[in-house]
Amino acid sequence: MSDDLGEKTATLNFALRMRQEFETHGLSTLLVRNGDETLTLDQRSGIANRAHPAIYVCIHASSEGTGIRLYTALVPAAGESHGLFIDWNSAQAAFIDTSQSAATNLTAEFSKRRIPTRSLVAPLRPLNNITSAAVAIEVAPFTGGVSDLSSSGYQQQIAESVVAGILEVRAKLVAKP
Amino acid sequence: MIPRHLIIGVAVMFVVALSTGAYVWHMQGSLAKSVPDADQTHPLPPPGNGPSEQVTLYVAHDDTGSLRPQSAQIPLSGGRQERAEQLVKTLLQLYLGESSPHPIAEGAEVRAVYLVDPGLAVVDLNTAFAEKHRSGILVEELTVASLVQTLSSNIPGINRIKFLVEGEERESLAGHADLSRFYDVAGVDRMISQMQTGQ
């Protein structure tokens, strides 16, 4: 991303900020990684699925463009599922409506805070493998400078938007599909 | 005393050896003249030496984060596979140009496009294409969507596309766009329409 700020560091900073904000509102969180660890996509989805979360939020950072790109999964055609054994590549399919509701609420919260937001779909892993509501947030600089990504004010605004959006849709998230 | 026939035999063999040596020396000289110096070679003509045809390239634009159709007149050969290769190579040249709307790193190449029935195209990228690609969800998905849409719109019958890097499967393009899957053209259409309209 830049010589001074790698994506791993930027996303961890956002995640820590979000955790603090969630906990302030009495919601427990589990971070897939707490430090400079390297996990495969399958490990990430395994950790998330075992925890049975109400929602999985995947954070990315980019120096390209501005504002927030909010993604829900573009799930491939479902493969064969047998009872408890769900097709891994399309595991998100049963949860996609809830994921989209969450994304709509998050977009509204970002807009309230005047953060430019685009709502998109993409065939992203591990999103496709998650068995709960799941969204990916790609955070780009607010005004165009990569230093925005390490600004505590910007991080706080984003964390507040995410938590407010999720609180709004909480009842739907807790209900199983 | 040495028999006369032995002297004649040795003399004949000596003459044959001399003539063979002279012939080999002459042939080496001719061969050296026929191989031009490396700096005198001319680049191969660009792929596609058939008649020019109008095609639509779906070009990624980083400024808007979307694809825009762009007409181009390019020489295309007759075979579907060659046409597919010429299309993606033309698209890549555009991205490698100076005023590229979606810069791709120098050295990036599409090694080959294979059309596998029914409806599957396999695009083989080189290492530089993936290793030097800018990292990010949108920037990587723009590249993938642009290749998929350009191929499927100009080569009838393609409905799935698989990307390889140096002939092998790879988990992602540069950390985000999933290359382990087959890209379904209908799904990519949905992704593109969201790119065009996503607020």
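**Figure 1. Where helices α4 and α5 of chain B meet.** In this predicted model, Glu141(B), Ala145(B), Val148(B), Gln149(B) and Ser152(B) from α4(B) are in contact with Val185(B), Val188(B), Met191(B) and Ile192(B) from α5(B). Sorted by class, this contact of α4(B) with α5(B) holds six nonpolar, two polar and one charged residues. Helix α4(B) covers residues 137-154, and α5(B) covers residues 185-197. The range counted as roughly perpendicular is 65 to 115 degrees, and roughly antiparallel begins over 145, so α4(B) and α5(B) are oblique to each other. As for handedness, α4(B) passes α5(B) in a left-handed crossing.

**Figure 2. Helix α4 of chain B with another partner, α2(B).** Here, Ala84(B), Leu87(B), Val88(B) and Leu91(B) of α2(B) meet Ser146(B), Leu147(B), Thr150(B), Leu151(B) and Asn154(B) of α4(B). By class, the contact of α2(B) with α4(B) has six nonpolar and three polar residues, with no charged residues. The axes of α2(B) and α4(B) are 10 Å apart, and the helices pack at an angle of about 140°. That angle makes α2(B) oblique to α4(B). The crossing in which α2(B) passes α4(B) is right-handed.

**Figure 3. The open sheet of chain B.** Follow the strands across this sheet and you will find four of them, in the order β3-β4-β5-β6 of chain B, with mixed pairing. At the edges stand β3 (110-116) and β6 (182-184) of chain B; each has a single partner strand, so one side of each is left without a neighbour in the sheet. Neighbouring strands are turned against each other by 20° on average, direction ignored.

**Figure 4. Strands β5 and β6 of chain B, side by side.** Strand β5(B), residues 160-165, runs antiparallel to β6(B), and three bridges join the two. To find one of these places, look for Lys162(B): its bridge partner in β6(B) is Phe182(B). Helix α2(B), residues 80-96, also belongs to the surroundings of this sheet: α2(B) packs on the sheet and touches β3(B) and β4(B), the latter covering residues 120-125. The direction of α2(B) makes about 145° with that of β3(B).

**Figure 5. The place where chain B touches chain A.** This contact takes 21 residues from chain B and 23 residues from chain A. On the side of chain B, the elements that give two or more residues are α4(B) and α5(B). Of the elements, α5(B) gives the most to this side, with five residues. By class, the side of chain B that touches chain A has five nonpolar, eight polar and eight charged residues.

**Figure 6. Chain B from end to end.** Chain B has five helices and six strands. Starting at the N terminus, its elements run α-β-β-α-β-β-α-α-β-β-α. Of the 199 residues of chain B, 29% count as buried. Among contacts in chain B between residues at least 6 apart in sequence, 64% join residues that are at least 24 apart.

Methods:
Residues numbered from 1 in each chain as written. Chains lettered and ligands numbered in written order. Predicted model: local features only at pLDDT ≥ 70, side-chain atom pairs only at ≥ 80, totals over all residues. Axes fitted to C-alpha atoms, helices over the stretch in contact; angles between N-to-C directions. Helix = DSSP H or I, 4+ residues; strand = E, 2+ residues; numbered from the N terminus. Parallel < 35°, antiparallel > 145°, perpendicular 65-115°, else oblique. Left-handed = near helix turned anticlockwise from the far one by under 90°. Contact = placed C-beta atoms within 7 Å. Nonpolar A, V, L, I, M, F, W, Y, C, P; charged D, E, K, R; others polar. Pairing = 2+ DSSP bridges. Buried ≥ 20, exposed ≤ 12 C-beta atoms within 10 Å, placed from the backbone.
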